[in-house]
Amino acid sequence: MSLDVAAKRPNWFARLANPGQFLAWSRPLLWPLAGVTALLFLAGLYFALFDSPPDYQMGETVRIMYIHVPTAILAEGVYVLMALAALGTLVWRHPLADVANQAAAPLGALFTGLALISGSLWGRPTWGTFWEWDGRMTSFLILFLIYLGIVALWRAFDDPSRAGRIVAVFTLVGALDIPVVKYSVDWWNTLHQGASIDLMGDRHMANSMLLPLGLMTLAFGFLFLTLYLVRIRTEIFRRRLATLARQAAGATP
Amino acid sequence: MIDLGPHAVFIVGAYAGVAVGLLGAVLWVVLDARRVAARLAALEARGIRRRSAGSPAP
């Protein structure tokens, strides 16, 4: 009888997501990620504000697109990430999955709120109104409320392991809103325009606008990644803190 | 600075709103991380450690 030693070694995913190992590999990444984020914002803002043309229809207000589209992409992308983390909690009971959900929720809510505000300020000069109850805007507001619900649920429980499963179910139910947000402009006749970036289709944006949009999307993405890693680390430490506090309380005569 | 035209207030307002939101988030994330790290360090300074000690510092 032989022991298969290699089979017992944790795979790359297990090493990636083990809380202790996560703390070890994520720490040296934080400052480089923050530096890349700052450089991307500098370059993106330069092209967005100083070196890109006004739109032939919207004029200078097209510059709002360079902050509205990235925040909207992140609002949906962060939720997809949280839905995957929810699967990790419910299906694989992964130790870092509910931390990943908890750490992302306030950031996702922030990006959704910023997309709503910037979109509203773009809508007033473009459509003549700050708000319209059309498919895209309404489903996006619902996404914002779902985010707030998840943040509130996390705060409602003292024991994060109990909260994890309930939040995971809520997150997966809320994920039904993501395809509605995405395809609302195709399913219904909305005031909101169609997708700004359509790489597979025949709608092409001028390179002079695609460059600042790409840079700003990368800048927002790297900012999220940096803040997300710090948030996950903080949550891991907060749970350790709670364990130590219980340990200390138990040791006190 | 470029001339943002008659709708400058909306463009400046959108950028300012997003900047305030992002800076606020960065500040909150950093201060929260520091607060938790300080509390953890204070407990460990009292000799209260995890059974599997040797984890990286915050």
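Which residues is B:Gly17 in contact with, leaving aside its neighbours within four places in sequence? They are A:Ile117 and A:Ser118. Two residues are in contact if their C-beta atoms, placed from the backbone, lie within 7 Å.

This is a predicted model: local features need pLDDT of at least 70, side-chain atom pairs count only at pLDDT 80 or more, and totals for chains, interfaces and linings use all residues. Residues are numbered from 1 along each chain as its sequence is written, while chains are lettered from A and ligands numbered from 1 in the order in which they are written.

B:Gly17 lies in helix H1 of chain B; helices are DSSP runs (H or I, at least four residues), numbered from the N terminus. B:Gly17 is partly exposed because 17 other C-beta atoms lie within 10 Å. The cut-offs are 20 or more for buried, 12 or fewer for exposed, and partly exposed in between, with C-beta atoms placed from the backbone.

B:Ala14 touches A:Ile64, A:Ile67, A:Ser118, A:Leu121 and A:Trp122, not counting residues up to four places away in sequence.

The largest nonpolar core has 67 residues, and A:Val78 and B:Ala14 touch the most other members. Such a core is a set of buried Ala, Val, Leu, Ile, Met, Phe, Trp, Tyr and Cys residues joined through C-beta atoms within 7 Å. H6(A) supplies the largest share of this core, 16 residues.

Definitions and conventions:
Helix = DSSP H or I, 4+ residues; strand = E, 2+ residues; numbered from the N terminus.
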